[in-house]
Amino acid sequence: MWFADSGKKIYKQLLVVVFLSTATGSAYSQTYFHSPNNTLVANTTVNNSVTMNITQVHPGNDTLQFVWEKLSLSFPADWTATICDNTTCYPSLIDSSTTLPVLPGDDGFMLVHCFPNTNSGTGIIRYLIYEISSPLQVDTLTWIIHAGSTAGSDKPDSKPAYTLNGNDFQLTETGNGYANLSLLDLSGKEVFSAGISPGAPLAIPALPSAFYYLVLSGNNKIIRQKIWYSTN
C-alpha cells in the first residue's frame, strides 16, 4: 500500500515537472525567425538612397509584439536615416519603440531608409529586438551601408542644380539632364511628382509644412536632398 501511494506521489511530481518544463519552454520558445537574416549589407553611392528590410517571419498561430532598442550607430557626417516597424515609420533612427501586434498569418518587419549625403564611407546601424513575452531571447539586427564616391560627388556643385523659393521650383543651367522632380515624406512615400526642364518654372502644390526628400532624376546622377518645405 505504501509503495502504491509513493508511486502515485512520484507520478504526480513527474506530471508537475513535465508541465512546468512545457510551460517554460513554450514561454521562451521563439516562434519566428528573421529573413533573410539578422544582418543586411548594401552597396550604393553618395546621393543615392537604400532601403533595407528585415522580416520577422511568423509561421505560428500566436500573436506577436516586438520591442526594439537602438544598440549603436556609426555614420559619416551628413548622412541621414529613418526606421520603420510594421506600419509605423519614424522621422529618424529613434532610440526605441514597441510594434503593433503581429497577428497570425502576418509577418513583422524592421526597415531602414538610409541616405548617404555628400560624404562617402560606411554606416552601421544596430538594434536589439525581442518578442514582448520572451524578453530573455534578444536578437541583434544590423544594417551595414557602404557608399562610394562618384565623380564630383565628394564636393558640392559650385552652382546649384535648382532653386526653390517658397513653392516656386526651377532648374538652373547646371540642372540640364534632369527630367523629373519628386517629393517624398520621411517614410519614403511619394507625395508629389512632375516633369521638369531647365528654364521652365514649376509651382509645387501646398503641402503640410515638414521635412521632405527632394529627388531629381533623369540622365544625370540622381540628386536626393532633405529639405524643409513650407508655403507659409
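Modeller: We can start with the nonpolar cores and then turn to one glutamate. This is a predicted model, in which local features need pLDDT of at least 70, side-chain atom pairs count only at pLDDT 80 or more, and totals for chains, interfaces and linings use all residues. Residues are numbered from 1 along each chain as its sequence is written, and side-chain values use heavy atoms, with hydrogens and water left out.

Biologist: How many residues are in the largest nonpolar core, and which have the most contacts inside it?

Modeller: There are 25, and Ile83, Ile125, Trp143 and Ile145 have the most contacts inside that core. A nonpolar core here is a set of buried Ala, Val, Leu, Ile, Met, Phe, Trp, Tyr and Cys residues joined through side-chain atoms within 4.5 Å, where buried means under 20% relative accessible area with a 1.4 Å probe, protein chains only.

Biologist: Which strand gives the most to this core?

Modeller: That is β10, with 4 residues; strands are DSSP runs of E, at least two residues, numbered from the N terminus.

Biologist: And is there another core?

Modeller: Apart from this one lies a core of 19 residues, among them Phe169, Tyr178, Leu214 and Ile223.

Biologist: Switching topic, where is Glu131 found?

Modeller: Glu131 is in strand β9, and this residue is buried yet has no salt bridge (a side-chain nitrogen of Lys or Arg within 4 Å of a carboxyl oxygen of Asp or Glu).

Biologist: What does the side chain of Glu131 reach, then?

Modeller: The Glu131 side chain reaches the backbone nitrogen of Gln65 at 2.9 Å.

Technical notes: Buried < 20%, exposed > 50% of the residue type's maximum accessible area, 1.4 Å probe, protein only. Lys, Arg positive; Asp, Glu negative; His and termini not counted. Polar contact = N/O pair within 3.5 Å; in protein donor to acceptor, adjacent residues only side chain to side chain.
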